Amino acid sequence: MNLSTPPIENHSLTAILPILSHSFEGLEVLLSPFLVPSDTIREVILICPQTILSDARQVLKKILSYSDTVDHPNLSLLPYTSSSFYNSTLTSAIFRVRTEWMLVLDNHGLQGLSSGQKAYLLSPLSISLPVGPNGFLRFPANSSRILATSDLEPAEYLIPPFVAPTHLFPRTFSHLADSDPWLAFGVHVAKTHLEMIGGLVLPSDISNLNCCEHNSRFPSLEMTQIEHNSTRILSADSDGHTQKSASGRFALVVPQLEDLYAFMPVLCRFQSAGHIVSVLLYQASPSDTMHCSSEDCTLQCSTLSHSAPTFHNWLDSLDTSPDVVFALDVQDFMSVTFTMVLLHEPYRKTTLIRLPRADIPHSDWIGSLTLLELRNWNVPEITISVITDHRPHSLQRLLTSLTRARYFGERIGLRINLEQTADLETLRVVQDFEWPHGDVFVHHRVIHGGLLPAVVESWYPNSNDSYGLLLEDDIEVSALFCAWIKMTILRYRYGGPENISPSVFGISLYQQKMVELRPEGRRSFDARALFTTDGIPNPSTPYLSQIPCSWGAVYFPEHWREFHDYLSIRLSEYSMKIHENVVPDIRSNKWVKSWKKYFIELVYLRGYVMLYPNYANFTSLSINHLEIGSHVKDQPAEEYSRKKALFMLPLMPLTNASVPLYPGLLDLPEQKLPSLSSLPVLDFMGKLSSASDLLERGTKRRTELTGCSATISLTYDARELMCLQEFT
């Protein structure tokens, strides 16, 4: 089998390792391949029975305390209640994976494999089938194991350990077969492959593999020296050689020249960044290809012809497969074939981005994204969660602003959470509302809960790619709020490893104008003035702040789950009395009925931060109308107007709107989101700090509160944070 295939990309592999009670003695050996710096592995998910979860945590903490390396992949624990739930827990682990590739192990890990096999599984090639050392052929009464001698051999199915593309695992994986899920998985994979192959068997000696003869990534494990290069991206046409730049190939497939002109600023920016851009005008005449240029660039345009009469033919005519295809979100004869064509090799790794024609004039921000970020375009799942009670006019204003916003082809679920006291007019507003961008779920309480459970229980993530935008009904959003969310999530959640940090818990739409947490009361705040005074090179930069925003903000899944656990611990008074002040000298200690009081505690103990916009004139992606409700009490009109003026901000208008003095999304340093490490960091008081200082403060306070000084190794675990190994 002659395969000329490049390695997988950096940090694109997640390992899943089951551990059992009798594995504890050898757990350090099982984990040793993953406790070293790795260019390929991003995370290791450990599956264990619930009965040994506490012991597993203790053993892991002990192992990690002995380790001299901190720059190893993330480790997380996922328990299951009984052996009958193992498959469903494995499924849960599979669908927590955010990487393109997955290494599925059994409870022996990589033990018993040759050094070459270990090296391959830890740093595999980009092969679209499962690859591992244990492959089988099926016969009527039994199965026969395949022994590969010098090359990859086809098999009907593999058993762990093996590495495979994540997309091969179906959503119904746990139901494929109760007795032998790997046999059923192999059958499923074979159905997607032209040669009906369920996997490839890896020989013990990989030095003679045809696929690897020009590949230098497989020395013995003992001799491996890993170099960190967080900006390296491997191109699909590089024949195993790395490219220093993140260059790629983009394609635009649209009917007419006018559609090209509308998207031209984005394409020109891609081209200026070193990317290759190809354009297909599938309803245009050949003469139109003479006009594929602007003041900024000239593009390679084609039309359909006798030699390339279809989209598939045109793709085949390109010298390399495109990494990303942009198309209109329309249903004409040509566009309905796009998805079908891209489901098959060699285009299965091509990302298809469909944009409504009306949104393209407002899509210049897309040109600021990197190739890696754009390839993850379809991965994040955003849910809007609206919390309302008996303010129908406020709710109507919010829903109207959501309707008028631009979504750039996103499918977005909408949850409307109604309090038990919601009046008839509010119910009517909800009943009459139509949402064309995704599913709608309405939740109506039968027992009054109050604002704390109304917010906290309004959304819960279903995966690590699930994001919740929380909106109380007195919020109004900019027409570009979704673009801000998409741009920032792709940069700081799916970009290069240098732009991803477990300390970032969310993204604010609202721009801070006041700091409310000082003990003496609220004070005005101007981030640009602060950064100018302190000599920050780009005072217009977005920034990181410890303050959680409740006036329009996206919360990340891992942190929101941890907050649920932390809140359960605090409200149970299992760790400390409810009146205990976790954060010293802060005004939120008096907010006894607010969910933010407890989120602020978690943020302080962890050293977490949220991303905030910082546009001119306090231009924001959301505003709060500060209407009478749980937080704002009835008061004299003059006092209310004065207070409201402190918080009102201008909403960012659409690009090219008749308000040229307002900033746009790309009014950023160098017209793009800065690197995460360059963002200023602010504490709860609005003062400049650093990530290390925030973490040190939180760690010190944790020790004071719990008496526990153990190193926190496993992220997003509120029980371990509070030193409560047995809390359930």
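**View 1. Pro 346 sits in the loop between α8 (338-342) and β16 (351-355).** In this predicted model, the peptide bond joining Glu 345 and Pro 346 is cis, with omega at about 0°.

**View 2. A cis peptide bond links Pro 160 and Pro 161.** Omega for this bond is about 5°. Pro 161 belongs to the loop between β9 (157-158) and β10 (162-165). Most residues other than glycine have a negative phi, and most peptide bonds are trans.

**View 3. His 11 has a positive phi of about 55° and is not a glycine.** His 11 is located in the segment before β1 (13-18). Its relative accessibility is 17%, so His 11 counts as buried.

**View 4. Phe 618, a residue other than glycine, has a positive phi near 60°.** The loop between β27 (609-612) and β28 (622-624) holds Phe 618. Phe 618 is buried, with a relative accessible area of 19%.

**View 5. Ser 550 is placed in the loop between β25 (543-545) and β26 (553-555).** Ser 550 counts as buried because its relative accessibility is 15%, under the 20% cut-off. Leaving aside residues up to four places away in sequence, Ser 550 touches Glu 472, Ile 475, Trp 595 and Lys 596. The side chains of Ser 550 and Lys 596 are joined by a polar contact of 3.5 Å.

**View 6. The largest nonpolar core contains 140 residues.** Leu 260, Phe 326, Leu 402 and Phe 481 have the most contacts inside this core. Helix α13 (residues 481-494) gives the most to the core, with 10 residues. A second, separate core of 64 residues includes Ile 41, Leu 77, Leu 113 and Val 201.

Key
Residues numbered from 1 in each chain as written. Predicted model: local features only at pLDDT ≥ 70, side-chain atom pairs only at ≥ 80, totals over all residues. Heavy atoms only, no water. Helix = DSSP H or I, 4+ residues; strand = E, 2+ residues; numbered from the N terminus. Buried < 20%, exposed > 50% of the residue type's maximum accessible area, 1.4 Å probe, protein only. Polar contact = N/O pair within 3.5 Å; in protein donor to acceptor, adjacent residues only side chain to side chain. Contact = heavy atoms within 4.5 Å. Core = buried A, V, L, I, M, F, W, Y, C linked by side-chain atoms within 4.5 Å.
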